[in-house]
Amino acid sequence: MISKEEVLRIAKLARLELSDKEVEKMQKDLSAILDYFALLKKAPKLSKAQIASAKVLSLRRDEIISQNREVVEKLIDAAPDKKDDYIKVKTIL
Amino acid sequence: MDLTKLTIRQCHEGLKKGDFTSVDLTKAFLEKIKKNNKELNAYLLVDEAGALAQAEEADKKIESKDFGILCGVPCAIKDAIMVKDQKCTAGSKILENYVAPYDATVIEKLKKEGAVILGKTNLDEFTMGGSGENSAFGPTKNPHDKTRVSGGSSSGSAAAVASEMAVYTLGSDTGGSIRQPASFCGIVGLCPTYGSVSRYGLIAHGSSLDQIGSMTKSVEDAKIVFEAISGKDLKDATSVDYKFKESEVDLKGLKIGVPKEYFAKGIEPEVEKIVRDAIKKAEKLGAKIIEISLPSTEYALASYYIIGPSEISANLARFDGIKYGLSEPGKDLLDVYLKSKGHGFGAEVKRRIMIGTYCLSSGYYDAYYKKAQEVRQLIKQDFEKAFEKVDLIFTPVSPFPAFKIGEKADDPIAMYLADIYTIPMKLAGLPGLSLPVGKVGKLPVGLQIIGNHFQENKILSVAEQIEKT
């Protein structure tokens, strides 16, 4: 079974606060799910030809498409904490 | 005449002849929702005023005689798809008060057609689940047996059509979320080819898998909605320039593959019999039935529950209490993140974020995510090989009909296994349709028809022929 410390380490990476009860349940559930994933160990490995035949679906340029003002205002409006057109964030350092 | 029983085509004919107006139709549905929704919990939001205003607009268009087939026809939208200025909760506490700032591309398209949007339908939180029970706003009940689930994640969209609370609905499908509830509720659910319908404005779950599709009373209606919502969209880089063309496919001589792995174990005998009978029906109509093998099937579920949650852990990082949604006060930025996510997300969403974060974390990536991607490749190649030999593939949608509310709620793996037949083709980006073909007692059973990429025309044509017999 996955340890409590391991669950807390992953929860920290995921930025999730979990209660003691949730941690306990997560230990049980994650262990069962990861055990199930062990099935993949017996899946055949891909040949070089198979890897080569894997197609990249689509790539695009990172272009900025401007939005109309109404949408922009609504997007800012959705932020829980703001001042004028700025979204307020707590200090990091 | 009970207006709520009509299909899209029948609504259109009635509107054209002047038998009733769009306002008449809309009122009939609103009344039905008032009467039945409390018990079924299919709708999270009903927009009475908005729907009536849209119906009045539609009636003006209809009077001018220049109107399309969806004009004035009342529909409902899964609450993970944004409808401008309406709440969009994704079935989650974290978005309980979130208002959509713009229309999803599919909604823009429906509005252009003059659609009437009755409201937003219930779903598993962030579309994660196979029963509807993961909604933060309570499960949707199955209209055929109210002690049972309606399937998920498009639970409300399926139940709304089955209980005649909308002519049609939109759902979304990541691992079976349109087809499985359609099967449980006895309606037609189409999950189109990945890329054929824009995902812009659909709240993301697994971006390499998510696809919007229709839930309807008939195959013809599925065709009508698909034609209206499909096509390239500049706002979704994975959408493809593709125009659906209806065509009649002769069942005579058509090769239909039946994968032996899908009937191996775990399927309920009564479900198997109904599905096999439907396959026989196709054979009687002239199709050639060929047993095929998709050898990597047994790895599909594990691959999906690594790739899906990995994408979830990235996609749901945005719900941080800063940009939108629930924000819990904290002593510093990290504390705001921890508390907002911790209090806002439900158990299944947290579980999947944890699985995904684990699989992507340092030291585990090769064993999980990379391996899952390789298996995904194997599964794709299975289907590629199969489609060299056959035109379509027939399988069950689910190993069992709708189960009891609460039956699988505490066992995540038992719940995941409910998607065992709908996941593999999703990993290959293929289209699939659930067609009601029989009942176990009063519980509907669906046949899954899988086609090659962008061959919705074949699926729909064949489904229509089976539907008629």
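Two strands count as paired here if DSSP finds at least two bridges between them. With that in hand, let us look at the sheet of chain B in this predicted model.

Eleven strands of chain B form an open sheet with mixed pairing, in the order 1-3-2-6-8-7-12-13-11-9-10. Strand 1 (43-46) and strand 10 (288-292) of chain B stand at the edges with a single partner strand each, so one side of each has no neighbour in the sheet. From one strand to the next, the twist averages 30°. Within the sheet, strand 7 (residues 188-191) and strand 8 (residues 211-216) of chain B run antiparallel and pair over three bridges; here Gly189(B) stands opposite Met215(B) of strand 8. Helix 3 (residues 48-63) of chain B packs on the sheet, where it touches strand 1 and strand 3 (116-121) of chain B, and its direction makes about 155° with that of strand 3.

Now to the meeting of the two chains.

| Item | Value |
|---|---|
| Buried area, chain B and chain A | about 4,600 Å² |
| Share of that area on carbon and sulfur atoms | 70% |
| Residues from chain B in the contact | 57 residues |
| Residues from chain A in the contact | 48 residues |

In chain B, Tyr299(B), Met354(B) and Tyr358(B) lose the most area to chain A, together 14% of what that side buries. Five salt bridges are counted between chain B and chain A; one of them joins the side chains of Asp29(A) and Arg351(B) at 2.8 Å, N to O. Twelve residue pairs are in polar contact across the interface. Helix 10 of chain B gives the most to the side of chain B that touches chain A, with nine residues. By class, that side of chain B has 32 nonpolar, twelve polar and 13 charged residues.

Terms used
Residues numbered from 1 in each chain as written. Chains lettered and ligands numbered in written order. Predicted model: local features only at pLDDT ≥ 70, side-chain atom pairs only at ≥ 80, totals over all residues. Heavy atoms only, no water. Contact = heavy atoms within 4.5 Å. Buried area = accessible area lost by both parts, 1.4 Å probe. Salt bridge = Lys/Arg side-chain N within 4 Å of Asp/Glu carboxyl O. Polar contact = N/O pair within 3.5 Å; in protein donor to acceptor, adjacent residues only side chain to side chain. Helix = DSSP H or I, 4+ residues; strand = E, 2+ residues; numbered from the N terminus. Nonpolar A, V, L, I, M, F, W, Y, C, P; charged D, E, K, R; others polar. Axes fitted to C-alpha atoms, helices over the stretch in contact; angles between N-to-C directions.
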